[in-house]
Amino acid sequence: MKATAPQIRAAMDAPKPDIRLYLLHGPDESGAAELSGRLVRALGPDAERIDVDGKELRSNPGLLADEAASMSLFGGARLIRVSNADEFTVEAMTLLLNAERAGNPVVAIGPGLKASGKLVKLAIASSAAMAHACYVPEGANAVQLVQMVAREHGLRLTGDVPQRLATACNGDRAILTREIEKLALYLDAAPDRPRDADAHALDEIGADIGEDDMFGAIEAVIDGRVADIGAELAGLGEGSSSAIPLLRSLARRLVTLAELRAEVEAGARIDDVIEKHRIFFKEKGSTSRALRRWNAAQLARAVERTRMAERAMMSSASAGEVLAEAECVAIARASARMR
């Protein structure tokens, strides 16, 4: 069945035995990870988690149904989490849904899956599965998400706090949840004892790092100023912010530059392109330098590397923020070599 955001959150918080598969598809991997984390918490601290890569299911499609039907080593709850689910896992998912018994829930995360694909259609058509599309929330949707998560933690956000949190977390649900949890702890809030959260409380926990704060680090990376990267990243780290918003902001900046560079390679003058797109005055100098240094192919590769680093950060047992910092340095070094 197809699940809305409230439906999938409710299902994850109180899983039912008749649902064998939760398929989370779409580009918002952080949102999918946050949702799967809710299911882990619902199953309890002693639940056993089995991680399976989608590639394993291509050569062994029966593995998923076998794992879902297996008993936990200690007899407790068990969860199977499939990463990188793709169209080649349709057979494995079909065997799971058609198996005589399952017993253990499966969460499959497929950021590259299309809503029109076979796997999503399979999950939607089955009464034993729930399919939910995860997209990075923007604008009003991002603010609504902030307010919804806050209510779950007993917080009533006032003034511009919802917008500030939406901007600070850059659509990353995992980061948003952590910031809301910090705010609720600071105010001693809970669903049974709601509290008002104003701008002063938000300032106290330091949950306010937006793209303006990241500007220096992003421009240092694109300019190839390797010597400055350490100080810029350290400044961001002082705010205890995850590097995922930095990677996403960097990716957006690179995508914008790639679009502008395509016009330059089609024959337009750099100054004319900058004026045509009304580039913010603070960014004109760095944009001009970047368009002279980078070509479209190099920018496309940098975007892909940035997104790969974000995906790697979300995987289990990863090096976390070190991955993001290493990728920023690598891109900066590549830029420096282009001089």
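## Exercises on a predicted model

The largest pocket holds about 520 Å³ of space. The model examined here is a predicted one.

**Exercise 1.** Determine which residues lie nearest the centre of the largest pocket and which elements contribute to its lining.

*Solution.* Step 1: the lining comprises 22 residues, and those nearest the centre of the pocket are Pro27, Val136, Arg248, Arg252 and Glu310. Step 2: two or more lining residues come from each of H7, H8, H13 and H16. Step 3: H13 is the element that gives the most to this lining, with four residues.

**Exercise 2.** Describe the open sheet by its strand order, its edges and its twist.

*Solution.* Step 1: five strands form the open sheet in the order E2-E3-E4-E1-E5, with parallel pairing. Step 2: strand E2 (48–53) and strand E5 (129–133) are the edge strands, since each pairs on one side only. Step 3: from one strand to the next, the twist averages 15 degrees. In E4, alanine 108 stands opposite valine 82.

**Exercise 3.** Decide whether serine 126 is buried or exposed, and locate its contacts.

*Solution.* Step 1: serine 126 belongs to the loop between H6 and E5. Step 2: its relative accessible area is 15%. Buried means under 20%, so serine 126 is buried. Step 3: leaving aside neighbours within four places in sequence, serine 126 is in contact with Met1 and Leu97.

**Exercise 4.** Identify the largest nonpolar core and the element that gives the most to it.

*Solution.* Step 1: this core has 29 residues, and those with the most contacts inside it are Leu155, Leu157, Leu165, Leu176, Ile180 and Leu183. Step 2: the elements giving two or more residues include helix H7 (139–152), strand E6 (155–157), helix H8 (161–169) and helix H9 (173–187). Step 3: H7 gives the most, with seven residues. Step 4: beyond its neighbours within four places in sequence, leucine 155 has contacts that include Ile180, Leu183 and Arg195. Step 5: a second, separate core has 28 residues, among them Val273, Ile279, Ala290 and Leu299.

Definitions and conventions
Residues numbered from 1 in each chain as written. Predicted model: local features only at pLDDT ≥ 70, side-chain atom pairs only at ≥ 80, totals over all residues. Heavy atoms only, no water. Core = buried A, V, L, I, M, F, W, Y, C linked by side-chain atoms within 4.5 Å. Buried < 20%, exposed > 50% of the residue type's maximum accessible area, 1.4 Å probe, protein only. Contact = heavy atoms within 4.5 Å. Pairing = 2+ DSSP bridges. Axes fitted to C-alpha atoms, helices over the stretch in contact; angles between N-to-C directions. 1 Å grid on protein atoms, 1.4 Å probe; cavity = no way out; pocket = protein on both sides within 12 Å on 5 of 7 lines; lining within 4 Å. Points joined across faces, edges and corners; volume = space filled by probe spheres on them.
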